Amino acid sequence: MGRTSGGRTRREAASLAADGILRPVTALAKNQGVPALAAVAALVLAFGTGCGSRAPGDAAYFGNTTPPSGQVLTFNNGAEPEHLDPAVMSGQPDGRIARMVFEGLCSADPRTLAPVPGQAYRWDLSPDGLIYTFHLRPGLTWADGHPLTAGDFLWSWQRVLRPATGSRYASFLFPVRNAQAFNEGTLSDSTAVGLAAPDDSTFVVTLAQPTPYFLELTTFYTALPTPRHVIEKLGDDWEDALALVGNGPFRIVEWELKNRFVLVPNERYWDRKAVKLERIVALPVEELSTATNLYKAGVVDWNPSGYVPKTVVPFVRHYKDFSGGPYHGTYFFSMVVSRKPFDDVWVRRALNAATDRQAIAEHVLRGTVTAWGGITPMGYAGYTAPAPLKHDPVYARECLAKAGYPGGKGFPPIEILFNTSEDHRRIAEAVQAMWKRDLGIQVTLSNQEWASYLAATTTKNYDVARRSWIGDFGDPMTFLDMWITDAGNSRTGWSNAEYDDLLRRATVEVDPAERLRMLSRAEAILLSEGPVIPVYHYAETSLIKPYVKGIYSTVLDVHPLKGVSIDPDWRSQAAAAEATP
């Protein structure tokens with residue numbers, strides 16, 4: 001590559017986050033009233049893209065392909081995490097940080113996401129499929145050197161289930177015997193829950209019924225251990241990034257709000273030798289264009305799925321560093337059914353039928369996604385989803401008339417809430433126009449940054465909100481149990497006794513085919529009566545530099561970074577591979 005003025009290589013000049021240059025640029029941006037990372041993107045585009053001719057073969061890749069100096073990975077985390085406490089978090093930006101700082105009983109294989117030994121080096125399962133006995137590795141410690149024992153897992157899982165914790169994912173542990181009753185307050189004795197630590201190295205979990213995907217649950221961030229000795233000392237302050245004590249492959253050493261997280265290897269991690277990266281920089285870039293520009297300029301080495309604007313995907317999908325594939329995620333709008341007029345099922349049906357999913361997928365998002373009228377995604381073996389919701393303007397107007405608003409007359413103004421993203425805005429604007437055209441109703445738009453948006457949806461302080469859900473494990477239940485009455489991630493106030501009963505019965509059904517039929521019937525109720533307006537099925541759209549090794553395409557968009565590395569000789573290896581007949 002060429003060199004910039006001052007004698008630095010282009011990569012050294014552009015890698016502002018990794019080299020500490022971001023701070024003065026941020027200060028300048030603040031003085032000018034410009035968002036810091038947008039200013040950085042403008043800077044690297046001004047000085048980083050005119051760096052001379054690329055090396056042979058680089059035209060096959062999108063943007064700069066010069067590796068960083070050393071084992072340093074910079075990636076876009078998408079937003080500032082709402083929480084760093086695994087017990088209460090629920091967002092992807094939160095989860096990416098948690099999976100670096102903490103480790104559960106099992107970890108996820110980076111290629112398949114299959115459960116592999118983590119803090120537990122092995123486990124036994126009783127013949128009836130109800131009792132898992134996990135055996136922890138000897139000599140485990142927290143990052144501060146404090147011993148980590150089975151008692152930490154016992155305390156952490158009980159903490160998730162305690163009502164006072166307010167875990168939105170407490171239902172994740174409901175397969176455990178008496179866990180739901182304890183979480184709902186009908187059982188006060190924690191020792192009656194199917195969790196036990198008979199000694200420091202043994203953690204025993206007793207399930208209410210066999211759960212085929214239980215080991216997958218142990219890899220999820222809700223099941224990660226949290227340090228009792230730190231939490232009881234610091235209280236809520238333990239969640240401060242620089243006070244966070246984990247047990248995973250990395251630890252946080254620097255944090256600037258809405259600027260960056262910097263992580264380095266945890267020297268006390270049991271498998272330290274497998275950790276290749278010397279430094280990880282996570283940038284909270286919400287603007288998709290900014291994130292893509294930072295990637296092109298070489299500041300960002302990995303732009304995860306969803307952070308490339310849909311309008312740009314058709315132009316970058318032919319590059320070798322673009323990754324596309326199956327993705328278990330759906331995009332939808334939700335409504336707060338305790339608010340008028342959304343308390344009327346006919347209003348909800350009208351809004352659903354007036355939403356042209358195909359037009360959004362083909363025209364707004366340039367054919368980069370599949371229009372989808374269901375809440376569960378494709379790809380679950382043996383699962384037959386109910387009939388999808390369809391665009392039907394005539395039926396939509398009939399529904400609105402049944403609700404008492406013929407032709408939209410008397411219908412109150414409503415608002416669509418979405419978090420910062422060019423794509424979210426375009427979709428919201430399209431839906432706004434559709435509802436105006438087909439129903440004659442007035443709709444305004446509200447854009448909020450990630451933390452405010454999460455607060456609004458969590459407290460149900462909205463009318464209609466852009467939402468999405470990415471599967472947490474390989475079963476339709478991960479998309480359906482969030483709508484059970486009072487589930488923490490519903491955020492709609494919707495409740496249906498028949499739906500709840502079907503899901504509860506499905507959890508104890510031993511016939512796999514009948515269980516899936518129950519889940520399909522439940523989804524049909526959700527689509528007919530519920531608070532959701534499905535829009536499209538996700539597809540992976542990520543960008544990964546060719547010198548980044550160990551990040552693979554996965555259907556749940558989960559990417560363990562423990563074994564990731566930077567290959568400074570990637571060009572010679574790529575050339576050798578191409579030359580091999």
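1. Packing of α13 and α15. In this predicted model, helix α13 (residues 357-364) packs with helix α15 (residues 422-439) at an angle of about 135 degrees, and the two axes lie 11 Å apart. Angles over 145 degrees would count as roughly antiparallel and those from 65 to 115 as roughly perpendicular, so α13 is oblique to α15. The crossing of α13 past α15 is right-handed.

2. Residues in that contact. From α13, the contact is made by Ala359, Ile360 and Val364. On the α15 side, Arg426, Ile427, Ala430, Val431 and Met434 take part. Sorted by class, the contact of α13 with α15 has 7 nonpolar residues, 1 charged residue and no polar ones.

3. Helix α5. How many of the 10 residues of α5 (residues 92-101) are buried? The count is 8, so this helix is largely enclosed by the rest of the structure. The buried residues are Pro93, Asp94, Gly95, Arg96, Ile97, Ala98, Met100 and Val101.

4. The chain as a whole. There are 20 helices and 21 strands in the chain. Of its 581 residues, 58% count as buried. Among contacts between residues at least 6 apart in sequence, 71% join residues at least 24 apart.

5. Surface. The accessible surface of the chain comes to about 22800 Å². Carbon and sulfur atoms account for 53% of that surface.

Key
Residues numbered from 1 in each chain as written. Predicted model: local features only at pLDDT ≥ 70, side-chain atom pairs only at ≥ 80, totals over all residues. Heavy atoms only, no water. Helix = DSSP H or I, 4+ residues; strand = E, 2+ residues; numbered from the N terminus. Buried < 20%, exposed > 50% of the residue type's maximum accessible area, 1.4 Å probe, protein only. Contact = heavy atoms within 4.5 Å. Areas by Shrake-Rupley, 256 points an atom, 1.4 Å probe, with all protein chains shown as cover. Axes fitted to C-alpha atoms, helices over the stretch in contact; angles between N-to-C directions. Parallel < 35°, antiparallel > 145°, perpendicular 65-115°, else oblique. Left-handed = near helix turned anticlockwise from the far one by under 90°. Nonpolar A, V, L, I, M, F, W, Y, C, P; charged D, E, K, R; others polar.
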